[in-house]
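This briefing is intended for a reader who has the sequence and the coordinates at hand. Please keep the view below open while reading.

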Protein chains: 2
Amino acid sequence: MAANSRVTIAAHALAWMELARRRGREVLTSEEVAASVNTNAVVIRRSLGDLQRAGLVSARRGNGAGFSLGRPAAQITLLDVWLAVSPEPLLALHHSEPNLECPVGRGIRPVLADLYDEATDTFRAALARSTVADVLERILS
Amino acid sequence: MAANSRVTIAAHALAWMELARRRGREVLTSEEVAASVNTNAVVIRRSLGDLQRAGLVSARRGNGAGFSLGRPAAQITLLDVWLAVSPEPLLALHHSEPNLECPVGRGIRPVLADLYDEATDTFRAALARSTVADVLERILS
DNA sequence: CCAAACGTAACAAACTTTGTTGCTTCTACG
DNA sequence: CGTAGAAGCAACAAAGTTTGTTACGTTTGG
């Protein structure tokens, strides 16, 4: 249960919302999304809450309410999704400070942080190349 | 404590071993490495054990034993380190199977797996561009 | 033989993730 | 204007990781 499946859950929800939209259902409840993802509705509300904070979906409350896409699926990249739901860096530095009396302990953190950032940037760029619409297209083809 | 600091610990250990080597100390004990990283010697033995299994370091046991680099620091990339210590994928799929009666639930997993693999490959390629020797150079400069 | 150091198992503490329940808040609609 | 339906949210448990720690076996140079 270690790794992050939040991007997967969120991307699944968005693709399903887009498919429903094409079928004429603009708004879905968390229950309906949860049925496709096969999880609890609260888990979906939490995930879609993250996406809402990032503007990727909008939520209406009250009777007959639910979630809808905040903008066209072709304008939501997987990078947008990742940024919305994934607060953790891909690689972490030491969590207890290294020994500063050692030259390596003293100097290694900015060096690694820099290299990790570079690698993370290429990862992000790759995610930015696919949209929710692309994902749905590939699912349906 | 969520994210992976194993690459950091291992890279720190390797850079320190290389610096010690240049100073004439070919072999370091786990205690000596632990002192620089500022952690427990058993943690270092676990980490260097992973690296040893990947051929990046060698360990000698018995009296006067310790760890030494398995090949030149300029030939150990951060990708080698990552592969040696990081079994987890960067992004995970659903851990409970999605609803297979929904088109999205049925088709999304290979699509996402493919996209995640692409992004992970660029991440790996970025890590492959730096070696332990590069890291040490940047620390010392 | 024996001392030094790796190898490894076992365990606790802290933390995350997911799932779940229960309650509150909002709002469209009759 | 009340009510039902649905999001929002807090709290909690179960399971899993990570890190640190102790303890003990295993190896080997001298």
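The model is predicted.

**Helix α1(A) against helix α5(B)**

- Across the two chains, helix α1 (residues 6-22) of chain A and helix α5 (residues 103-128) of chain B have axes that come within 10 Å and cross at roughly 130°.
- An angle from 65 to 115 degrees would count as roughly perpendicular and one over 145 as roughly antiparallel; α1(A) and α5(B) are therefore oblique to each other.
- The crossing of α1(A) past α5(B) is right-handed.
- From α1(A), the residues that make the contact are Thr8(A), Ala11(A), His12(A), Ala15(A), Trp16(A) and Leu19(A), and from α5(B) they are Pro103(B), Val104(B), Ile108(B) and Leu112(B).
- This contact of α1(A) with α5(B) comprises eight nonpolar and two polar residues, with no charged residues.
- An α-helix has 3.6 residues a turn, so residues three or four places apart point the same way.

**Val104(B), a residue of this helix pair**

- Val104(B) lies in helix α5 of chain B.
- The threshold for burial is 20 or more other C-beta atoms within 10 Å; Val104(B) has 26 such neighbours and therefore counts as buried.
- Not counting residues up to four places away in sequence, Val104(B) touches His12(A), Ala15(A), Trp16(A), Leu19(A), Ser36(A) and Ile139(A).

**Helix α1(A) against helix α2(A)**

- Within chain A, the axes of α1(A) and α2(A) come within 10 Å and cross at roughly 115°.
- This angle makes α1(A) roughly perpendicular to α2(A).
- Here too the topic is handedness: α1(A) passes α2(A) in a right-handed crossing.
- The residues that meet are Ile9(A), His12(A), Ala13(A), Trp16(A) and Met17(A) of α1(A) and Val33(A), Ser36(A) and Val37(A) of α2(A).
- The contact of α1(A) with α2(A) consists of six nonpolar and two polar residues and has no charged residues.

- Helix α4 (residues 78-85) of chain A is largely enclosed by the rest of the structure, because six of its eight residues are buried.
- Those buried residues of α4(A) are Leu78(A), Asp80(A), Val81(A), Trp82(A), Ala84(A) and Val85(A).
- The cover over the buried residues of α4(A) includes α1, α3 and α5 of chain A as well as α5 of chain B.
- Asp50(A) is placed in helix α3 of chain A.
- Asp50(A) has 18 other C-beta atoms within 10 Å and is therefore partly exposed.
- Leaving aside neighbours within four places in sequence, Asp50(A) is in contact with Ala84(A) and Val85(A).
- Asp50(A) and Ile76(A) are 26 residues apart along the chain, and their C-alpha atoms are separated by 14 Å.

**Val135(B)**

- Helix α6 (residues 132-140) of chain B contains Val135(B).
- Val135(B) counts as buried, because 26 C-beta neighbours lie inside 10 Å.
- Leaving aside neighbours within four places in sequence, Val135(B) is in contact with Val111(A), Ala11(B), Ala15(B) and Ser130(B).
- Val135(B) and Ala73(B) are 62 residues apart in sequence, with a C-alpha to C-alpha separation of 9.5 Å.

**Surroundings of DNA strand D**

- Two or more residues each come from α2 (30-37), α3 (41-53) and β2 (66-69) of chain A and from α3 (41-53) of chain B.

Methods:
Residues are numbered from 1 along each chain as its sequence is written. Chains are lettered from A and ligands numbered from 1 in the order in which they are written. This is a predicted model: local features need pLDDT of at least 70, side-chain atom pairs count only at pLDDT 80 or more; totals for chains, interfaces and linings use all residues. Helices (H or I, at least four residues) and strands (E, at least two) are DSSP runs, numbered from the N terminus. Axes are lines fitted to C-alpha atoms, for helices over the stretch in contact, and angles run from 0 to 180 degrees between N-to-C directions. Angles under 35 degrees count as roughly parallel, over 145 as roughly antiparallel, 65 to 115 as roughly perpendicular and the rest as oblique. A crossing is left-handed if the near helix is turned anticlockwise from the far one by less than a right angle, and right-handed if clockwise. Two residues are in contact if their C-beta atoms, placed from the backbone, lie within 7 Å. Ala, Val, Leu, Ile, Met, Phe, Trp, Tyr, Cys and Pro count as nonpolar, Asp, Glu, Lys and Arg as charged, and the others, Gly among them, as polar. A residue is buried if 20 or more other C-beta atoms lie within 10 Å of its own, exposed if 12 or fewer, and partly exposed in between; C-beta atoms are placed from the backbone.
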